[in-house]
Amino acid sequence: AMVVIENCNDLDDVLEVNKALLDELKDSHLANVRLVGGEQMNVRDLLFCLLLCSAADASLVLAENFGGSVAGFVDMMNAKAAELELKDTHFVNTHGLDAEGHYSTARDMARLAEYAIADPLFGDIVSTAEYTVGATNKSKERKLKTSNLLISEKSDYYYKWADGVKTGYTDDAGRCLCSTAMKDGVRYICIVL
């Protein structure tokens with residue numbers, strides 16, 4: 001998300017879904033928002049899909065459009081990780097699916113969260129419990145809900161100072177959570193892997 005945000009000139013730019021990209025997700029059981037080939041959605045809405053719903057399909061569309069290819073975007077992600085001195089992090093895909101050579105640590109995720117949450121757009125998105133993506137040329141509007149129950153007032157786990165960030169799950173990693181909270185001017189970051 002940060003690589004997109006830092007390389008995007010206009011969040012209202014509309015991107016078109018390449019159907020061939022979606023074939024990579026076939027039978028993967030990754031979270032998605034059911035994008036279809038030829039569908040057009042703006043960058044802002046794709047970022048909300050990515051960060052609220054862990055939408056793998058949105059990650060691929062963003063990657064192809066900002067990196068020239070998914071592989072090119074993964075290179076950009078690794079360059080950003082190096083810039084942030086995330087020495088124990090290496091990406092091989094954009095959606096986080098378990099893969100040889102795709103890894104990170106709690107310490108690196110905390111550093112990344114500290115960096116990302118300081119960005120106003122990123123902070124706004126990851127502190128949003130519900131968001132509606134407007135209708136597209138191929139879909140009715142989509143109602144998105146965060147899987148981070150710490151920021152959802154409707155949840156038994158709601159914590160009024162929580163303001164992000166992201167849940168995750170893979171077979172190898174299990175359930176994971178990167179959470180942040182701000183109280184009395186102090187930022188707290190908790191990583192559970």
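Tutor: Contact here means heavy atoms within 4.5 Å, and the model we are discussing is a predicted one.

Student: With which residues is leucine 144 in contact, leaving aside its neighbours within four places in sequence?

Tutor: Leucine 144 is in contact with Val33, Phe48, Cys49, Leu52, Cys53, Ala129, Glu130, Tyr131 and Val133. Leu144 is also, together with Val43, Leu47 and Leu62, among the residues that touch the most other members of the largest nonpolar core, which has 52 residues. Helices H1 to H7 and strand S3 each give two or more residues to this core, and H3 gives the most, with nine residues.

Student: Why is the pair of phenylalanine 48 and tyrosine 131 called stacked?

Tutor: Two rings pair if their centres lie within 6.5 Å, and planes under 30 degrees apart count as stacked; the centres of these two rings are 3.6 Å apart and their planes stand at 5°, so the pair is stacked. It is one of two aromatic pairs in the structure, and it links distant parts of the chain, since phenylalanine 48 belongs to helix H3 and tyrosine 131 to strand S3, 83 residues apart.

Student: How do you know whether phenylalanine 48 is buried or exposed, and what of tyrosine 131?

Tutor: Buried means under 20% relative accessible area; phenylalanine 48 has 4% and is therefore buried, while tyrosine 131, at 18%, also counts as buried.

Student: What makes lysine 183 lie over the face of tryptophan 161?

Tutor: The distance criterion asks for NZ of Lys within 6 Å of the ring centre, alongside a limit of 35 degrees from the ring normal; lysine 183 is at 4.2 Å from the ring centre of tryptophan 161 and lies over its face.

Definitions and conventions
Residues numbered from 1 in each chain as written. Predicted model: local features only at pLDDT ≥ 70, side-chain atom pairs only at ≥ 80, totals over all residues. Heavy atoms only, no water. Core = buried A, V, L, I, M, F, W, Y, C linked by side-chain atoms within 4.5 Å. Buried < 20%, exposed > 50% of the residue type's maximum accessible area, 1.4 Å probe, protein only. Helix = DSSP H or I, 4+ residues; strand = E, 2+ residues; numbered from the N terminus. Phe/Tyr/Trp six-rings, centres within 6.5 Å; stacked < 30°, edge-to-face > 60°.
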